[in-house]
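Work through the exercises below with the sequence and the model open. Each task is followed by a solution in steps.

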Amino acid sequence: MLLDLSEEHKEHLAFLPQVDSAVVAEFGRIAVEFLRRGSNPKIYEGAARKLNVSSDTVQHGVEGLTYLLTESSKLMISELDFQDSVFVLGFSEELNRLLLQLYLDNRKEIRSILSELAPELPSYHSLEWRLDVQLASRSLRQQIKPAVTIKLHLNQNGDPTTKVLQTDPSTLLHLVQQLEQALEEMRTNHCRRVVRNIK
């Protein structure tokens, strides 16, 4: 699987061939640090003074490198696919090897950082339901108005939470059909490939 880099990312990465390989390696270290702790303008300003360029240029170079490493790590692309993705940028062979080494050295750490950044979503624990039917009211003697009440018990970060939902049977039936359709979609080869690449 090849990376699809936008023109903006290609522009950001175009700064890398203009600097020494030691600087590119340092940019790689800053990119991983950027993922861990966030942006630090002082680092960009210090590097910009040393290289005689604007701090925006350095920041864009680091952000472009960060994007390249995170997307590659997220998709767990192979060495060959990474080389082919970077080859499109027209860099020298030495710089391509350096970028590949940066990717191989940091992909496990980047994946662990990205997994920590992912939000903790609630998980299903149990479900209670009740069917209520209103058969008549003061204004209408004969009416049938069904309602389904669902009490959903969830766990989020070890804390139990409860959500109460109410709907009519036709909406509930439509929801069930949509969920069944989504489950069928998950069984297709395309979805299996996507899920395998996400893991």
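A residue counts as buried under 20% relative accessible area, as exposed over 50%, and as partly exposed in between. The model is predicted.

**Exercise 1. Classify Glu26 by its relative accessibility, then find its salt-bridge partner.**

Step 1. Glu26 has 34% relative accessibility, so the residue counts as partly exposed.

Step 2. Glu26 forms a salt bridge with Arg29, and the closest N and O atoms are 2.6 Å apart.

Step 3. Arg29 has a relative accessible area of 43%, so this residue is partly exposed.

Step 4. Arg29 and Glu26 are three residues apart in helix α2, which means that about one helical turn separates them.

**Exercise 2. Describe the second largest pocket, whose lining includes Glu26.**

Step 1. The volume of this second largest pocket is about 170 Å³.

Step 2. Besides Glu26, the lining residues include Val23, Phe27, Ile30, Ile43 and Lys50.

Step 3. α2 (21-37) and α3 (41-51) each supply at least two residues of the lining. The largest share, five residues, comes from α3.

Step 4. By class, the lining of the second largest pocket has six nonpolar residues, one polar and two charged.

**Exercise 3. Describe the largest pocket and the class of its lining residues.**

Step 1. The largest pocket holds about 220 Å³ of space.

Step 2. Its lining includes Leu127, Ile150, Leu165, Gln166, Thr167 and Leu179.

Step 3. At least two lining residues come from each of β2 (145-156), β3 (159-167) and α7 (169-186). α7 gives the most, with five.

Step 4. The lining of the largest pocket divides into eight nonpolar and three polar residues, with no charged residue.

**Exercise 4. Locate the nonpolar surface patch that contains Leu135.**

Step 1. The patch covers about 820 Å² and is made by Tyr124, Leu127, Trp129, Leu131, Val133, Leu135 and Ile144.

Step 2. Leu135 lies in the loop between β1 (123-134) and β2.

Step 3. Leu135 has a relative accessible area of 55%, so this residue is exposed.

Step 4. Leu127 belongs to the patch, and Leu127 also lines the largest pocket.

**Exercise 5. How many salt bridges does the whole structure have?**

Step 1. A search of the whole structure finds five.

Step 2. One of them joins Asp132 and Arg130, at 3.1 Å from N to O. Asp132 is partly exposed at 27% relative accessibility, and Arg130 is partly exposed at 49%.

Step 3. Another salt bridge joins Glu184 and Arg187, at 2.8 Å from N to O. Arg187 is partly exposed, with 48% relative accessibility.

Terms used:
Residues are numbered from 1 along each chain as its sequence is written. This is a predicted model: local features need pLDDT of at least 70, side-chain atom pairs count only at pLDDT 80 or more; totals for chains, interfaces and linings use all residues. Side-chain values use heavy atoms; hydrogens and water are left out. On a 1 Å grid over the protein atoms alone, a cavity is a set of points where a 1.4 Å probe fits but cannot get out, and a pocket is an open set with protein on both sides within 12 Å along at least five of seven lines; lining residues have an atom within 4 Å of a point. Grid points are joined across faces, edges and corners, and a volume is the space filled by probe spheres set on the points. Helices (H or I, at least four residues) and strands (E, at least two) are DSSP runs, numbered from the N terminus. Ala, Val, Leu, Ile, Met, Phe, Trp, Tyr, Cys and Pro count as nonpolar, Asp, Glu, Lys and Arg as charged, and the others, Gly among them, as polar. Patches are made of residues with over 30% relative accessible area and no salt bridge: like charges are joined within 9 Å, nonpolar side chains (Val, Leu, Ile, Met, Phe, Trp, Tyr) within 5 Å. Accessible areas come from the Shrake-Rupley method with a 1.4 Å probe; for residues, only the protein chains shown count as cover. A salt bridge is a side-chain nitrogen of Lys or Arg within 4 Å of a carboxyl oxygen of Asp or Glu. Buried means under 20% relative accessible area, exposed over 50%, partly exposed in between (1.4 Å probe, protein chains only).
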